Amino acid sequence: MKIEQIYTGCLAQGAYYIESNGEALVIDPLREVDPYITRAEKSGAKIKYVLETHFHADFVSGHIDLAEKTGAQIVFGPTAKPGFKAYVANDGEVLRLGDVTIKVLHTPGHTMESTCFLLSDATGKDIAIFTGDTLFIGDVGRPDLAQKVVADLTQDKLARHLFTSLRTKIMPLADDIIVYPAHGSGSACGKNMSKETSDTLGNQKLFNYALRADMTEEEFVKEVTDGLMPPPAYFPENVMMNIKGYDSIDTVMQRGNSALDPDAFEAAATETGAILLDTREAQVFAQGFIPNSINIGIDGSFAPWVGAMIPDIKHQILVIADDGREEEVVTRLARVGYDYTIGYLNSGFEAWEKAGKEIDHIESVTAVEMARRLTSNHDLTVLDVRRASEHFSEHVIGSENIPLDYLNDHLAEISKDKTYLVYCAGGYRSMIFNSILKARGYDNLIDVQGGFKAIKESGLFQISNYVCPSTML
């Protein structure tokens with residue numbers, strides 16, 4: 001028997017490949033499915049099942065494409081109502097894979113169809129449980145997402161379902177079972193997940209707040225719902241794609257991998273009103289970019305920030321990327337349901353520059369220069385675009401806080417007549433913020449290179465006393 005965790009850091013997502021005696025299955029696959037097919041071919045195995053722990057909100061799963069390309073059977077847990085051919089298993093049903101078995105454990109709470117899969121070896125010993133978004137390492141799935149799709153499923157109702165599921169289906173299992181969740185730290189599907197991506201169930205019973213043996217249902221509901229921030233706007237859209245179906249990844253890639261010279265790129269932008277998405281590194285972008293383009297760097301939490309900043313997943317997108325990384329960008333957009341990339345700038349920004357096209361830039365300064373300017377110009381405003389919990393924890397005294405996540409809700413608070421020195425943690429988010437506002441006609445924005453880390457290390461600023469951010473999840 002082989003168990004492989006296939007972890008994708010930018011989504012903090014874990015898919016799983018399990019193989020036994022020539023048969024294989026994949027749990028919660030990503031949109032691009034060829035790596036799973038290649039993995040099975042390497043062992044001479046046939047993919048028999050594609051198991052889905054639930055209808056995911058934070059990414060578009062590859063279940064449909066994988067099933068169509070391999071003949072595998074898609075399996076959901078009880079109450080799931082997929083809009084495509086799939087098998088809806090019964091609670092307690094056992095699936096056989098080579099010499100091992102997988103037991104279906106219906107665990108409603110994160111969503112109503114949420115299901116865990118318990119793997120047992122050839123002797124019948126329970127080895128591992130694949131918990132999806134029901135149980136994370138150090139946390140549990142947030143119970144407020146399904147209500148975005150089904151209105152009468154309140155977070156209180158879902159939290160109570162989750163309490164029961166954990167205590168009747170998971171906690172009675174043996175302590176030596178390995179827990180393999182669908183996500184780790186950085187995912188918006190939980191509040192405070194560990195950076196670890198697996199653990200023993202016994203260890204989780206000791207250290208996971210949600211598995212305390214003496215916890216009452218009321219205490220659980222209060223703790224699991226406390227401090228929940230609104231989910232990214234694209235989550236409900238991804239859920240519906242996972243329920244109803246979607247274009248083949250091959251179709252999406254063919255549409256997006258269209259190389260356009262500067263004239264064709266400019267014409268496409270004018271004719272379609274597509275978003276110009278520049279995925280280069282923040283400081284490279286600042287030095288020169290196509291007017292009205294926005295910067296979300298590919299070398300960061302790319303997909304989640306695209307989801308947060310571009311509300312309409314069907315909006316057409318034109319890509320500016322480092323040469324050779326265009327396909328990667330199109331793929332990572334498709335992972336979160338942005339299927340309408342219609343092309344990219346061939347040879348990147350350098351081609352645009354060589355063609356003599358109009359160029360814009362964003363001023364970017366070091367922490368030392370920031371301090372100098374604040375000393376000489378008291379009319380400057382320092383703007384912190386980190387999350388509220390980060391600002392609460394530690395910030396430049398006197399700075400204002402407008403989290404990037406909720407920029408669209410706070411535009412009225414930003415004056416075009418003021419000049420802002422904008423910082424985040426390290427410089428990634430501040431450039432997203434500045435580029436979006438620049439495209440909307442805000443010209444008085446100065447980016448702070450290196451963000452709060454550089455500001456603090458400079459020793460030139462008054463910093464608030466540190467408060468543990470866990471007090472404000």
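Reply: Contact here means heavy atoms within 4.5 Å. Helices (H or I, at least four residues) are DSSP runs, numbered from the N terminus. The model is predicted: local features need pLDDT of at least 70, side-chain atom pairs count only at pLDDT 80 or more, and totals for chains, interfaces and linings use all residues. Residues are numbered from 1 along each chain as its sequence is written, and side-chain values use heavy atoms, with hydrogens and water left out.

Me: Which residues in H11 do Ile249, Val252, Met253 and Gly256 in H7 meet?
Reply: H7 covers residues 249-256 and H11 covers residues 326-335. The four residues named in H7 meet Glu327, Val330, Thr331 and Ala334 in H11.

Me: How do the classes divide in the contact of H7 with H11?
Reply: Ala, Val, Leu, Ile, Met, Phe, Trp, Tyr, Cys and Pro count as nonpolar, Asp, Glu, Lys and Arg as charged, and the others, Gly among them, as polar. On that basis the contact of H7 with H11 has five nonpolar, two polar and one charged residues.

Me: Why are H7 and H11 called oblique to each other?
Reply: Axes are lines fitted to C-alpha atoms, for helices over the stretch in contact, and angles run from 0 to 180 degrees between N-to-C directions. Under 35 degrees counts as roughly parallel, over 145 as roughly antiparallel, 65 to 115 as roughly perpendicular and the rest as oblique. H7 and H11 pack at about 135°, with their axes 10 Å apart. The pair is therefore oblique.

Me: At what angle do H10 and H11 pack?
Reply: H10 uses Phe302, Ala303 and Val306 to meet Val329, Arg332 and Leu333 in H11. This contact divides into five nonpolar, no polar and one charged residues. The axes of H10 and H11 are 9 Å apart, and the angle is about 60°.

Me: Which residues in H2 does H1 meet?
Reply: H1 (residues 34-43) and H2 (residues 63-70) have axes that come within 10 Å and cross at roughly 40°. From H1, Asp34, Tyr36 and Ile37 meet Leu66, Lys69 and Thr70 in H2.

Me: Which residues lie nearest the centre of the largest pocket?
Reply: A pocket is an open set of points on a 1 Å grid where a 1.4 Å probe fits, with protein on both sides within 12 Å along at least five of seven lines; lining residues have an atom within 4 Å of a point. The lining has 25 nonpolar, twelve polar and eight charged residues, and H10 and H14 (388-393) each supply at least two residues. Of the 45 lining residues, those nearest the centre are Gly186, Ser187, Ala188, Arg387 and Asp405.
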